Amino acid sequence: MSKSSVIDTGVAVREQEAFDVVAVDAWIKAKRPDIKGEPELTQFPGGASNWTYRLAYSNADLILRRPPAGTKAKSAHNMQREHDIQLMLKKHYAVVPNMVGYCEDSNLIGTDFYVMERVEGIIPRKNMPRELELSEAQVRKLCTNMLDQLIALHKVNYIEAGLDSIGKGEGYIDRQVSGWNQRYSKAKTWNVPSGKKIMRWLEANKPKQEVLCVTHNDFRFDNLVLNPENPTEILAVLDWELATIGDPLVEIGNLLAYWVQADDDRVAKATRRQPSHLKGMLTRDEVIDYYCEEMGLGKVDMTFYQVFGLFRLSVIAQQIYYRYYHKQTRNPAFKNFWFVVHYLHRRCRKLMRAQRG
């Protein structure tokens, strides 16, 4: 296996998403006079939320993050916030990339943006690279290393790190439940469930206590960078757009909503976005047990958190489908997302019934 064959690299920049490289190059060199030569610009595929580019210099390898063109709500694509969170967190959580700087001047490329150092490695997407053959023991080690990184994040002293201002504090679970309930109601179309039973259940079953810590809020395998020399080692955690001060068990519920395991049904397998199905991966129940043991929590009833995570994911799917239904996007991949919403609600109701039983 050659190292280069498994490393995540960019592709040619989409024409409509190009920007003034000369202006950005001058801005970067004002920040980092040590950088030499002209950058080779590529773009990372995907990026439905923010757009991500690579600027490869002869003596530096950088990443530029910017909002999509035409973005109106800055709060949804707050580049300064994402940059500042990583800058402050880096001192307390080593697997955050190094920041180069934030540019608020939208005259340069049409939006604000920030630049960070690229962490070279493997990003585990839906499937691991074909050239990468991991044993069952290695897969399990990767899985537990991922959870260990999440646990380390949840143990960061956010007040000491200066991050207490990135969230609203107490009442996080109340705000999450009411917020996602409202989003579902606003995005509902005729062909998806009303969701009222689930929304009422979430309101009625909110935990009486919550714990606050730094939460990533999109902690998945495809936001990790793995060491090509040792693919069980996590070099970096990416995409801090949704990070806040939140409840760690809510984060576990959100993580599990994306966790498709080997014995799941065909619908779950069809929606899989990360390699959580590989032989050696922990099951959802094992993830809960591992996390609770390492955090010293004892036995925790995770029903509320799992129902919330699945419902939240259904809202995300429905918001995407709403855009397709109203012809705001033509992407055919979104055509059947209404069915995914039905499926996720069915899983919510199954968990709710199991708790009553």
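**View 1. Helix α9 and the glycine that follows.** Helix α9 covers residues 284-295, and its 12 residues reach 17 Å from the first C-alpha to the last, close to the 16 Å expected at 1.5 Å a residue. That expected span is 1.5 Å times one less than the number of residues in the helix. Helices here are DSSP runs of H or I with at least four residues, strands are runs of E with at least two, and both are numbered from the N terminus. The buried residues of α9 are Arg284, Val287, Ile288, Tyr290, Tyr291 and Cys292. Buried means under 20% relative accessible area, exposed means over 50%, and partly exposed lies in between (1.4 Å probe, protein chains only). An α-helix has 3.6 residues a turn, so residues three or four places apart point the same way. After α9 comes Gly296, with a positive phi near 70°.

A word on what you are looking at: this is a predicted model, in which local features need pLDDT of at least 70 and side-chain atom pairs count only at pLDDT 80 or more, while totals for chains, interfaces and linings use all residues. Residues are numbered from 1 along each chain as its sequence is written, and side-chain values use heavy atoms, leaving out hydrogens and water.

View 2. Strands β2 and β3 (residues 61-66) run antiparallel and are joined by 6 bridges; two strands pair if DSSP finds at least two bridges between them. Look for Thr52, whose bridge partner in β3 is Arg65.

View 3. Arg54 is found in strand β2 (residues 51-56). Is Arg54 buried or exposed? At 18% relative accessibility, Arg54 counts as buried. Its side chain makes a polar contact of 2.9 Å with that of Asp61. A polar contact is a pair of N or O atoms within 3.5 Å; within protein, one must be able to donate a hydrogen and the other to accept it, and residues adjacent in sequence count only if both atoms are side-chain atoms. Leaving aside residues up to four places away in sequence, Arg54 touches several others, including Thr9, Glu40, Phe44 and Arg118. Contact means heavy atoms within 4.5 Å.

**View 4. An aromatic pair across the chain.** The structure holds 12 aromatic pairs. One of them joins Phe19 and Tyr53 edge-to-face, at 4.9 Å centre to centre and 90° between the planes. Rings of Phe, Tyr and Trp (its six-membered ring) pair if their centres lie within 6.5 Å; planes under 30 degrees apart count as stacked, over 60 as edge-to-face and the rest as tilted. The partners are 34 residues apart: Phe19 is in the loop between α1 (3-6) and α2 (21-31), and Tyr53 is in strand β2. Phe19 is buried at 11% relative accessibility, and Tyr53 is buried at 0%.
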